[in-house]
Amino acid sequence: MIQTAPASGPNRIRRLRLVSRWAGVVALTLCVGTALGWAAAVVVVAPQNEIPDDEVYYTAAEGEVSSSTTVNINASWPAAFDGVNLASGTVTTIAQSSAEVTNAGTVLYTVNLRPVSIAIGAVPSFRTLASGSTGQDVAQLQTLLASLGHYTGASDSKFDSRTARAVRDWQRANGASPTGVVEASDIIYVPALPARVTINTESIRVGSVLGGGETAIHVLADRPAFTVNTSADQARVLVDGMTVSIEGPAGQDWKGELRGRTELSDGSISLTVEGTDGTAICGDECQTIPVDSQSTLSATVIRVESTTGVVVPVTAISSDASGNTSVTLINGSSQDVEILASANGLAVISGIDSGERLLLIGTKASP
């Protein structure tokens with residue numbers, strides 16, 4: 001707490017102004033209403049002390065300094081791969097549920113009642129495969145048939161009688177005519193499975209007429225992306241490495257940190273939030289984030305971690321040309337100190353004890 005000895009005239013007015021100003025700093029709850037929703041709280045309680053005439057002093061006291069910013073987090077599932085439909089005709093059924101974890105061989109939808117399945121492969125489906133066909137796409141087909149238990153031979157890239165027999169078994173299991181021939185439109189190959197897969201409902205709907213070439217599916221990334229969109233000015237105080245505490249859709253407490261930023265076309269900044277240990281922020285609870293829309297979650301960016309100790313106003317701290325920091329004690333002597341944390345005009349320091357009285361003069365130290 002700050003006190004001054006009685007005085008009169010201009011000196012008294014000057015001291016009262018200083019006292020009024022610093023009384024609001026000593027017990028402080030700060031809320032600055034920006035678009036991001038700034039919020040910080042610092043509480044310091046100092047004992048009474050006697051103050052000599054003509055000076056303003058502050059009594060150092062145990063307290064806490066912290067600073068945080070409330071933001072909105074955008075959570076969405078980016079598409080890692082888009083699969084193209086090659087079938088022509090009318091969509092008769094949609095078999096794949098939205099964002100379901102999909103395995104090789106799953107039927108996605110049917111066109112003219114013919115199933116369209118998903119499988120793993122680097123080569124996209126581009127031709128009809130039948131007895132006598134050879135190539136990497138045949139090996140991909142054989143790998144699919146083996147994973148489903150229909151084929152026991154080697155994936156040797158040769159469409160032989162065993163492969164044809166396995167194809168017929170697969171077609172029967174899917175409810176298709178067992179022709180032993182695989183059309184290009186029967187399979188959509190993707191880089192990896194299992195994966196979360198969504199149907200592109202803009203083009204694949206029951207009753208839609210397809211001509212081939214439409215984007216049929218989106219294979220989602222293995223985790224949602226978390227971003228904060230903010231203005232360039234607000235982004236300056238949100239730096240990489242700051243901890244972010246996110247409230248999940250079901251009230252979960254997820255932790256991440258700021259890592260990287262991108263300037264958008266409108267001049268705003270998109271800040272990336274990632275898991276602190278390289279894993280998904282949402283861990284095993286990512287399924288609570290909708291896959292067909294962007295979710296907005298409440299979050300807090302910890303700008304200054306909560307630090308307790310001896311707290312003083314930053315105006316009690318002086319710094320020299322070498323960056324050394326010190327305070328002036330009541331007897332006029334200088335005492336070197338170290339700033340452990342600083343926010344909102346207050347600093348936690350080491351080098352003096354609680355109860356020391358300091359002169360509020362000197363050059364303001366950088367937070």
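Two strands are said to pair if DSSP finds at least two bridges between them, and the strands themselves (E, at least two residues), like the helices (H or I, at least four residues), are DSSP runs numbered from the N terminus. With these terms in hand, strand β15 (residues 243-247) can be described as pairing with strand β16 (residues 253-263) in the antiparallel sense over 5 bridges.

This is a predicted model, in which local features need pLDDT of at least 70 and side-chain atom pairs count only at pLDDT 80 or more, while totals for chains, interfaces and linings use all residues. Residues are numbered from 1 along each chain as its sequence is written, and side-chain values use heavy atoms, with hydrogens and water left out.

## The chain as a whole

The protein chain has 4 helices and 23 strands. Of its 367 residues, 43% count as buried, where buried means under 20% relative accessible area, exposed means over 50%, and partly exposed lies in between (1.4 Å probe, protein chains only). The accessible surface of the chain comes to about 17,700 Å², and 50% of it belongs to carbon and sulfur atoms; such areas come from the Shrake-Rupley method with a 1.4 Å probe, and for residues only the protein chains shown count as cover. If we take the contacts (heavy atoms within 4.5 Å) between residues at least 6 apart in sequence, 66% join residues at least 24 apart.

## Strand β15 and its neighbours

On the side of β16, serine 245 has lysine 255 as its bridge partner. The hairpin that these two strands form has 5 residues between the strands, and glycine 251 in it takes a positive phi near 85°. β15 also pairs with strand β18 (residues 295-313), again in the antiparallel sense, over 4 bridges, and here isoleucine 246 stands opposite alanine 299.

Which residues have the most contacts inside the largest nonpolar core? They are Ile73, Phe226, Val244, Ile246, Trp254, Leu258 and Val273, in a core of 26 residues. The elements giving two or more residues to this core are β4 (61-76), β14 (225-230), β15, β16, β17 (269-274) and β18. Apart from it lies another core, of 18 residues, among them Val111, Ile118, Val197 and Ala216. A nonpolar core is here a set of buried Ala, Val, Leu, Ile, Met, Phe, Trp, Tyr and Cys residues joined through side-chain atoms within 4.5 Å. In soluble globular proteins, nonpolar side chains tend to be buried together.

Beyond residues up to four places away in sequence, tryptophan 254 touches several others, including Phe226, Val244, Ile246, Cys282 and Leu297.

## The disulfide

A search of the whole structure finds 1 disulfide, a term that stands for a pair of cysteine sulfur atoms within 2.5 Å. Cysteine 282 and cysteine 286 form it, with their sulfur atoms 1.9 Å apart. The torsion about their S-S bond is about 90°, so the disulfide is right-handed. Cysteine 282 is buried, with a relative accessible area of 2%, and cysteine 286 is buried as well, at 6%.

## Strands β8 and β9

Strand β8 (residues 107-111) is mostly covered, since 5 of its 5 residues are buried. Strand β6 (residues 89-94) runs antiparallel to β8 and is joined to it by 3 bridges, while β8 and β9 pair in the antiparallel sense over 4 bridges. In the hairpin of β8 and β9, which has 2 residues between the strands, asparagine 112 takes a positive phi near 55°.

Proline 115 has its place in strand β9 (residues 114-120) and counts as buried at 8% relative accessibility. Leaving aside neighbours within four places in sequence, proline 115 is in contact with Val107, Tyr109, Thr110, Asn174, Ala176 and Asp186. Proline 115 and serine 185 are 70 residues apart in sequence, yet 9.0 Å apart in space, C-alpha to C-alpha.

## An open sheet and a table of partners

An open sheet of 4 strands has the order β5-β13-β11-β7, with antiparallel pairing. Its edge strands are β5 (79-84) and β7 (100-102), each of which pairs on one side only. Within this part, 3 bridges join strand β11 (residues 195-199) to strand β13 (residues 215-220).

The table collects some bridge partners.

| Residue | Bridge partner | Strand of the partner |
|---|---|---|
| serine 245 | lysine 255 | β16 |
| threonine 198 | histidine 218 | β13 |
| threonine 93 | threonine 110 | β8 |
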